[in-house]
Amino acid sequence: MTFQYNFYSVFLLVFWIHTAIYAGLFFRKFVVQQQKAALWMGWFLILVILYTAPWMLGFAGRYDNQPYRTILFYVPFQHLFWIGPVIYFYLVTLLNPRFTLQKRDFFHFLPGFLHLLMSAWVALYDLGIAKQPYFITNGEDPDFQPWYQGLGFLSMIFYGLAALRYYYFYRKALESVLSNAADFLLVWMRWFLIIFLSLLVFRVSFIVLELWVSLDYWGTWWY
């Protein structure tokens with residue numbers, strides 16, 4: 001089955017390709033210039049690509065036919081537990097280039113690893129052992145289960161606020177020692193975090209709206 005080109009799939013595909021190119025450029029910047037912040041931003045853009053993939057592929061018709069439907073259901077695209085920590089450590093590394101992950105910092109990624117292990121077990125059992133849907137019996141993508149979306153939302157809120165708090169701590173410390181602190185404040189980063197948190201508020205609006213109106217991916221594609 002070919003990719004179905006329509007307004008929805010093409011609109012998302014343009015941004016998908018654009019983001020993929022920028023992710024590659026950030027990874028290249030990390031390799032060439034050894035800028036650790038570029039590595040974190042590259043991974044963040046990869047997570048954005050994966051996050052939007054279900055909508056793009058859905059509008060392209062990939063969820064409507066086999067074997068694509070089964071495969072896509074068992075591939076985890078929504079890595080909600082990774083987005084928050086990646087944004088947080090991107091900011092920390094950007095403001096403090098000497099920062100290096102310590103062993104205790106890997107606990108921030110433990111929920112993300114556990115979700116990957118759970119997704120792998122679900123796929124292994126259903127496709128390899130039971131040979132039929134056992135965990136996925138309602139025909140819905142497990143990435144969009146309410147418990148996972150809810151916990152993922154709380155995780156992103158927590159790390160978004162933690163990153164914003166770190167930024168203001170950095171600004172206060174800088175202003176205490178430099179008279180020209182404004183030249184080093186990276187004001188754009190503050191707005192990046194504010195916009196990120198605002199997008200999460202939009203996500204809440206969908207949850208509230210779904211109390212009265214049933215929204216599928218047609219109703220949320222623009223998000």
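Tutor: In this predicted model, His-79 sits in the loop that links α3 (68–74) to α4 (80–95). His-79 has a relative accessible area of 10% and is therefore buried, the cut-off being under 20%. When its neighbours within four places in sequence are left aside, the residues in contact with His-79 are Leu-47, Leu-50, Leu-116 and Tyr-148.

Turning to helix α1 (residues 7–33), its 27 residues should span 39 Å at 1.5 Å a residue, and this agrees with its end C-alpha atoms, which lie 39 Å apart. The buried residues of α1 are Ser-9, Leu-12, Leu-13, Thr-19 and Ala-23, and α2 (36–59) is included in what covers them.

Helix α6 (residues 146–175) packs with helix α7 (residues 187–209) at an angle of about 160°, their axes being 10 Å apart; because angles over 145 degrees count as roughly antiparallel, that is how α6 and α7 are described relative to each other. The crossing in which α6 passes α7 is left-handed. On the α6 side the contact is made by residues including Phe-153, Met-156, Ile-157, Gly-160, Leu-164 and Arg-171, while α7 contributes, among them, Val-187, Arg-190, Leu-193, Phe-196, Leu-200 and Arg-203. The residues of this contact between α6 and α7 comprise 15 nonpolar, two polar and three charged.

Key. Residues numbered from 1 in each chain as written. Predicted model: local features only at pLDDT ≥ 70, side-chain atom pairs only at ≥ 80, totals over all residues. Heavy atoms only, no water. Axes fitted to C-alpha atoms, helices over the stretch in contact; angles between N-to-C directions. Helix = DSSP H or I, 4+ residues; strand = E, 2+ residues; numbered from the N terminus. Parallel < 35°, antiparallel > 145°, perpendicular 65-115°, else oblique. Left-handed = near helix turned anticlockwise from the far one by under 90°. Contact = heavy atoms within 4.5 Å. Nonpolar A, V, L, I, M, F, W, Y, C, P; charged D, E, K, R; others polar. Buried < 20%, exposed > 50% of the residue type's maximum accessible area, 1.4 Å probe, protein only. Expected span 1.5 Å × (residues − 1).
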